[in-house]
Amino acid sequence: MSNKTKVMNENEVSSYLGLHLKKWTLEQSTIHREFKFRNFTDAFSFMTAVALEAEKMNHHPEWTNVYNKVSVILSTHEPQGLTMLDMDLAMKMDSLYSRFDG
């Protein structure tokens with residue numbers, strides 16, 4: 001098992017979120033965030049950019065889109081729990097979102 005797929009404990013996750021992913025929340029072994037955009041086109045463009053990154057990582061989000069909002073839940077299915085793959089994808093999502101924010 002690589003360091004990227006080692007399940008993180010709750011303290012490790014909370015610490016990482018506090019340092020690097022302040023807009024994400026921890027809920028029952030998953031992390032959550034809702035992204036808001038000016039319109040549907042921006043939301044869908046964001047999802048497309050994330051999909052390309054997620055495919056490269058072979059790590060895919062659970063998400064929903066309603067008009068200008070994208071709600072994301074991240075966790076690693078095998079092994080079950082939160083890993084650095086989730087943190088890395090969340091960081092990529094935050095970085096991509098900065099193109100749309102504001």
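Of the 102 residues in the protein chain, 43% are buried, where buried means under 20% relative accessible area, exposed over 50% and partly exposed in between, with a 1.4 Å probe and protein chains only. This is a predicted model, in which local features need pLDDT of at least 70, side-chain atom pairs count only at pLDDT 80 or more, and totals for chains, interfaces and linings use all residues. Residues are numbered from 1 along each chain as its sequence is written, and side-chain values use heavy atoms, leaving out hydrogens and water.

**Overall build**

Let's start with the whole chain. It has 3 helices and 4 strands, arranged from the N terminus on as α-β-β-α-β-β-α. Helices (H or I, at least four residues) and strands (E, at least two) are DSSP runs, numbered from the N terminus. The radius of gyration is 13 Å, close to the 13 Å from the globule rule for 102 residues, so the chain is as compact as a globular protein of that length. That radius is taken over C-alpha atoms, and the rule is 2.2 Å times the number of residues to the power 0.38. Along its principal axes, the C-alpha trace spans about 40 × 25 × 20 Å. Among contacts with a separation of 6 or more, 66% are between residues 24 or more positions apart; a contact means heavy atoms within 4.5 Å.

**Strand E2 and its partners**

Two strands pair if DSSP finds at least two bridges between them. On one side of the story is E1 (residues 25-27), which pairs with E2 in the antiparallel sense over 3 bridges; here Thr 25 has His 32 as its bridge partner. E1 and E2 form a hairpin with 2 residues between them, and Gln 28 in the turn has a positive phi of about 45 degrees. E2 also runs antiparallel to E4 (residues 69-74), joined by 6 bridges, with Arg 33 opposite Val 72 in E4.

Arg 33 has a further partner: a polar contact of 2.5 Å joins its side chain to that of Asp 94. Such a contact is a pair of N or O atoms within 3.5 Å; within protein, one must be able to donate a hydrogen and the other to accept it, and residues adjacent in sequence count only if both atoms are side-chain atoms. Asp 94 lies in helix H3. Beyond its neighbours within four places in sequence, Asp 94 is in contact with Leu 21, Trp 24, Arg 33 and Phe 35.

**Aromatic rings**

The whole structure holds 9 aromatic pairs. Rings of Phe, Tyr and Trp (its six-membered ring) pair if their centres lie within 6.5 Å; planes under 30 degrees apart count as stacked, over 60 as edge-to-face and the rest as tilted.

| Pair | Centre distance | Plane angle | Class |
|---|---|---|---|
| Phe 37 and Tyr 97 | 5.2 Å | 85 degrees | edge-to-face |
| Phe 46 and Tyr 97 | 6.2 Å | 80 degrees | edge-to-face |

Phe 37 lies in the loop between E2 and helix H2 (40-57) and Tyr 97 in helix H3 (residues 84-97), so their pair ties together parts that are 60 residues apart in sequence. Phe 46 in helix H2 and Tyr 97 in helix H3 are 51 residues apart. Phe 37 counts as buried at 6% relative accessibility, and Tyr 97 counts as buried at 9%; Phe 46 is buried too. Ring pairs link Trp 24, Phe 35, Phe 37, Phe 46, Tyr 97 and Phe 100 into a cluster.
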